[in-house]
Amino acid sequence: QVGGLMPASNFSSIVGASDGSVVYAASMLTGIFRTEDHGQSWSTLRLNTTHMMSDVVLAPGDPRTLIVSSGGIPYRSRDAGNTWEQLPLGDLDPSDGYSEEVFGLGWAPYDAERVYGIVSGGRVYVSQDGGTTFEARAELAINLTHNPSYKGMNHFWRLLPEAEPGGTAVFTDGMSMWTSSDGELREWVPSFASPVESRTLLRDPLDPDHLLIGATDGVYSSPDAGQTWEKIDDFLPTVGAWSPDGGLVAFADADRLYLSSDSGATFTEKPFDFEMMPGLGLFADEAFLGWNNGIMRTTDDGTSWTDGSVGLVDGGMSVVTPHPVCPNRVIVGSRCTGGVYESVDWGSDYDHEPFFFHYVMGIHYDPRVADRIWVVSDDTVARSDDGGATWRTVLTQYHFPGFAVDPEHSETILLGSVA
């Protein structure tokens, strides 16, 4: 819960300095946040766009210099996110009809001037001046389709630059994987042909040829920078992270953490009792894990968790609806993946409803049944008959700006769609 405010959720990336002295958490909708006190509080970093925050990369040796992709547009900050400049990569309004949204970013760990970007059409770009200018190098056969384990278009990509000159760069769009070892990213070779969870692609800090990835049937390991793969476990993670010193690797799914202190040879399960939303960061003495109501923090490898959500606020409120009968009850809808929140004390505290909603366009109560609630989003009509405890999808289509319940016969509904 966050007093008086809707908590940010659905974190796509949690990265920071190796000692955790500065950490950034990027949310799919609500933008990017920074903590400099190990999660005791967070500050909102202002960007022109906060929609589809898909990637965050840090300059080698300088965690206060970072590049983010927000709404398919890359921005760079040299002062820990206090100010931003848009980079000349991608084109959301092209004259030739070829839209380029930046979903993959990488910063070569051995050279602060080498920045990589991969755009929605599959073009690979390289900057040799820290992101000020970019040159196209290759074009990959990107498959922008739905990943079956993610409710929506797969904008979560992972680009691992080569760890050293002459090394291998690795990239996945969630449906396929490629590697490049030519030093210029001009030549790419397919590596892993089946769908994967992009945010589980990890490189061993102590052995750059050693990779781990979570696929649809388990976790795989590669000893040779993606040339060959071997299945090592059956769990199905949605996010992963490797500690900067290489001593601990972690994966997470909806309700448990999987930890390995032997580079993935064996894993220990640590269940948790909150609903994980992808976003995991490992630092020197702590870990952060995104969840449905913010971020949780652990300093004992997941044995115990504390709420580290102070300052993490969903600023994308789109609709506020007080209940017509029940005193003190308010339901609030958010833009994009923020979803729906409920308060029973006139907005002093909010809890996140356990259902996926995209852009919430309307919240409606049944005038005759107090616990019946309708939520209309830009792609779904959903109904709850128990006050929001459970939901079911009634209709799926594109954009429903009009909705009305007949006050005399509440089983009769009028619904307007733009398509």
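Reader: Over how many bridges do strand β19 and strand β20 pair?

Author: In this predicted model, strand β19 covers residues 207-215 and strand β20 covers residues 218-222.

Reader: By what angle are neighbouring strands turned against each other, on average, in the open sheet β22-β23-β24-β25?

Author: This sheet is formed by four strands with antiparallel pairing. β22 and β25 each have a single partner strand, so one side of each is left without a neighbour in the sheet. With direction ignored, the average angle between neighbouring strands is 20°.

Reader: Which residue of β25 stands opposite R256?

Author: Strand β24 is made of residues 256-260 and pairs with β25 in the antiparallel sense over four bridges. β25 spans residues 268-271. The residue of β25 opposite R256 is P271.

Reader: Is β4 largely enclosed by the rest of the structure or exposed?

Author: β4 pairs with strand β3 (residues 23-27) in the antiparallel sense over five bridges, where A26 has I32 of β4 as its bridge partner. β4 also pairs with strand β5 (residues 43-45), again in the antiparallel sense, over three bridges. Five of the five residues of β4 are buried, so this strand is largely enclosed.

Reader: What kind of aromatic pair do F11 and F33 form?

Author: F11 lies in strand β2 and F33 in strand β4, so their pair ties together parts that are 22 residues apart in sequence. Both residues are buried. Planes over 60 degrees apart count as edge-to-face. The ring centres are 6.4 Å apart and the planes stand at 65°, so the pair is edge-to-face.

Reader: Which residue of β5 is the bridge partner of F33?

Author: F33 belongs to strand β4, which covers residues 31-35. β4 and β5 are joined by three bridges in the antiparallel sense. The bridge partner of F33 in β5 is T44.

Reader: Which residues are linked by ring pairs into a cluster with F103 and W157?

Author: F103 and W157 form an edge-to-face pair, with 5.3 Å from centre to centre and 80° between the planes. F103 sits in strand β10 and W157 in the loop between β13 and β14, 54 residues apart, and both are buried. A search of the whole structure finds 17 aromatic pairs. Ring pairs link F103 and W157 into a cluster with F171 and W178.

Reader: Which residues of β36 point the other way from T380, A382 and S384?

Author: In a regular strand the side chains alternate between the two faces of the sheet. Strand β36 covers residues 380-384, and five of its five residues are buried. T380, A382 and S384 point one way, while the residues that point the other way are V381 and R383.

Reader: Which residue of β37 is the bridge partner of R383?

Author: Strand β35 (residues 373-377) pairs with β36 in the antiparallel sense over four bridges, and a hairpin joins β35 to β36 through two residues. On that pairing, the bridge partner of W374 in β36 is R383. β36 is also joined to strand β37 (residues 392-396) by four bridges, and these strands run antiparallel. In β37, the bridge partner of R383 is R392.

Reader: Which element gives the most residues to the lining of the largest pocket?

Author: The largest pocket holds about 1300 Å³ of space. Of the 45 residues that line this pocket, the closest to its centre are V15, G16, L160, R203 and W242. The elements that give two or more residues include β2, β7, β10 and β18. With six residues, the element that gives the most is β6.

Methods:
Residues are numbered from 1 along each chain as its sequence is written. This is a predicted model: local features need pLDDT of at least 70, side-chain atom pairs count only at pLDDT 80 or more; totals for chains, interfaces and linings use all residues. Side-chain values use heavy atoms; hydrogens and water are left out. On a 1 Å grid over the protein atoms alone, a cavity is a set of points where a 1.4 Å probe fits but cannot get out, and a pocket is an open set with protein on both sides within 12 Å along at least five of seven lines; lining residues have an atom within 4 Å of a point. Grid points are joined across faces, edges and corners, and a volume is the space filled by probe spheres set on the points. Two strands pair if DSSP finds at least two bridges between them. Rings of Phe, Tyr and Trp (its six-membered ring) pair if their centres lie within 6.5 Å; planes under 30 degrees apart count as stacked, over 60 as edge-to-face and the rest as tilted. Buried means under 20% relative accessible area, exposed over 50%, partly exposed in between (1.4 Å probe, protein chains only). Axes are lines fitted to C-alpha atoms, for helices over the stretch in contact, and angles run from 0 to 180 degrees between N-to-C directions.
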